[in-house]
Amino acid sequence: MNSIVKTTTLAATFAVAAMAGSAHAQETYEWRMATGWGGGPLMDIGAQAFADRLELLSDGRMKVEVFQGGAIGEPLKVTDSVRRGIADMGHTWPGYDWGRDTTAVVFGGFAGTMDDERMMHWLYEGGGVELWKEWRQEEFGVVGMPLFSRTAEIFLNSRKKVQTLEDLDGLKMRTAGAWIDMSKELGASPVTTAGDEIYPMLERGVIDATEWGTPWEDTYPKFYEVTDYIIVPGVHQPVAPFELQVNQEVWDSLSERDRELIETAAELTTLKSWMRVGHESAEAMRFFEEEGLEIVELDTEVQVKAREIGIEWANEQSAENEWFKRAWDSQREFEKLWADAETYRRLSPETRSIGLDAE
């Protein structure tokens, strides 16, 4: 074959490939997303914000209809709905699946987790996202990645003052994930329930207290109407990344470019939600004080005990669960790298406060 024929054949091959790629890139999609939320920030700047951003980035080719919790499958079993194809996508907290695999809380956050700044860096710069995807596909048969992230949560919205270990003894509290077991070691009596059931349980006195989210997120369910105390800091949940799930068959049907669009929309939504939650929570703490709630800081003894319980529990899981060990070891190594970060990233509290009281 002479060079002219070779060139012509090669050009024709590239042209056909380009046309096929272009046709694939122009495909349109309409997906249904199951969630565990009835509204609030998890819906507004999480699930729905992702759907809006993906439609924008894809020039309208990729549309996601977001459903409130319970409209598609059970609110606390979004993973099952996505895996079985009842929903094409899902938005959930990975920790809800801890009963099937405790590795879920390494990605979703628990009492032994690093703080939110370190977690975000580990996810996107320390290999966390890659581990997350591999784990979800291998153990659950769905594609998973971060979508929305919290700063530290409120420890409790409470009808009773909680500050000491004695105050926790017998406390009837709503929680979820691994903290169900850990809080028992602090003497509490935990139960778990979907979000929309918490307010009436507090109102009727069925429970004494609840943990739910960050200060800002806790203004939406209006727990402040039926409680008297805000207990901080959220040592049980220093950070809480949430999750986008995609049905495996849906994912496999997409071009590499469209997969990247989904990943980009999820990452951007996660980073923006983290910043928004952090800012709005500062406003929310001021709001709680104006509403007459008492802000109570947990005794150091309680904070230390909770952290110790979290670390001990994680080490026990690592000895029994290969996936837990992989993710946990990765996080611990990352924390060691950042061990001295406070010395070069933060000014002292005394330094930061200078000038704040000036007229």
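Me: How many residues does the largest nonpolar core have?
Reply: Keep in mind that this is a predicted model. Inside that core, the residues with the most contacts are Trp122, Phe155, Leu156, Trp179, Met182, Ile231 and Trp313. Counting every member, the largest nonpolar core has 54 residues.

Me: Which helix gives the largest share of this core?
Reply: Several elements each supply at least two residues, including helix 5 (116–125), helix 6 (128–140), strand 9 (229–232) and helix 12 (300–320). The largest share is six residues, and the element supplying them is helix 12.

Me: What does Ile231 touch, leaving out residues up to four places away in sequence?
Reply: Ile231 is one of the residues with the most contacts inside the largest core. With those sequence neighbours set aside, its partners are Ile154, Phe155, Leu156, Ser158, Val162, Val296 and Leu298.

Me: How many residues are in the other core, the one that lies apart?
Reply: Tyr29, Leu54, Met62 and Val250 are among its members. In total, that other core has 42 residues.

Me: Is Asp101 buried or exposed?
Reply: Asp101 sits in the loop between strand 3 (89–92) and helix 4 (104–108). Its relative accessible area is 7%. Buried means under 20%, so with 7% Asp101 counts as buried.

Me: Which residue's side chain makes a polar contact of 2.8 Å with the side chain of Asp101?
Reply: Beyond its neighbours within four places in sequence, Asp101 is in contact with Trp135, Glu139, Phe140 and Asn321. Asn321 is 220 residues away along the chain, with 8.4 Å between the two C-alpha atoms. The side-chain partner in the 2.8 Å polar contact is Trp135.

Methods: Residues numbered from 1 in each chain as written. Predicted model: local features only at pLDDT ≥ 70, side-chain atom pairs only at ≥ 80, totals over all residues. Heavy atoms only, no water. Helix = DSSP H or I, 4+ residues; strand = E, 2+ residues; numbered from the N terminus. Buried < 20%, exposed > 50% of the residue type's maximum accessible area, 1.4 Å probe, protein only. Contact = heavy atoms within 4.5 Å. Polar contact = N/O pair within 3.5 Å; in protein donor to acceptor, adjacent residues only side chain to side chain. Core = buried A, V, L, I, M, F, W, Y, C linked by side-chain atoms within 4.5 Å.
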